[in-house]
Amino acid sequence: MILIVDDDVGMAETCSMLLEAHGFEVEIAASGAQALSRIRAGRFDLVISDCVMPGMSGPELSDSLKADPATAQLPILLMSGSLRCDVAKSASHDAFLRKPFLAEALLAHVRTLLAGARAGDLCARV
């Protein structure tokens, strides 16, 4: 299950439709706070978050998830079209995608992050 976090409803729905068309299960959260609540209530394999959002930013959400042992291994893809997003301040995310992006680029990041997460799960069990 993939969680898309974006305060731009159109962007969140576009990403959701693209991912669902390629066989992924998706949920949407409109804010960092809503994302934290959903993540604590459910099982997600990947978080895709916009950087610039009111309240909790994408980098702040990423830092919070990586600081919690229960979610530290959850892969996080940050994305932004804003020059205000300083991802250099947050090294906690696993990948970054600049908006606007090609559908193929998003799908490639998603597949790579999910494959890495699965490999990590296998290594952790050995």
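User: Which residues touch the most other members of the largest nonpolar core?

Analyst: Happy to start there, keeping in mind that this is a predicted model. The largest nonpolar core holds 19 residues. Those touching the most other members are I2, L19, F24, I48, L106 and V110.

User: Which element supplies the largest share of this core?

Analyst: At least two core residues come from each of β1 (2-5), α1 (9-21), β3 (46-50), β4 (76-80), β5 (95-98) and α4 (103-125). With 5 residues, the largest share belongs to α4.

User: What is I48 in contact with, leaving aside its neighbours within four places in sequence?

Analyst: I48 is one of the residues that touch the most other members of the largest core. Contact here means heavy atoms within 4.5 Å. Leaving aside neighbours within four places in sequence, the partners of I48 are I2, L3, I4, V5, L19, L77, M79, L106 and V110.

User: Why are the buried residues of α3 on the same side of the helix?

Analyst: Helix α3 spans residues 58-67, and its buried residues are G58, P59, L61, S62 and L65. They sit on the same side of α3 because the arc they cover around the axis is only 155°.

User: What covers the buried residues of α3?

Analyst: Those buried residues include L61 and L65. Their cover includes β1, α2 (32-41), β3 and β4.

User: In what order do the elements run from the N terminus on?

Analyst: The protein has 4 helices and 5 strands. Starting at the N terminus, their order is β-α-β-α-β-α-β-β-α.

Methods: Residues numbered from 1 in each chain as written. Predicted model: local features only at pLDDT ≥ 70, side-chain atom pairs only at ≥ 80, totals over all residues. Heavy atoms only, no water. Core = buried A, V, L, I, M, F, W, Y, C linked by side-chain atoms within 4.5 Å. Buried < 20%, exposed > 50% of the residue type's maximum accessible area, 1.4 Å probe, protein only. Arc of directions from axis to C-beta.
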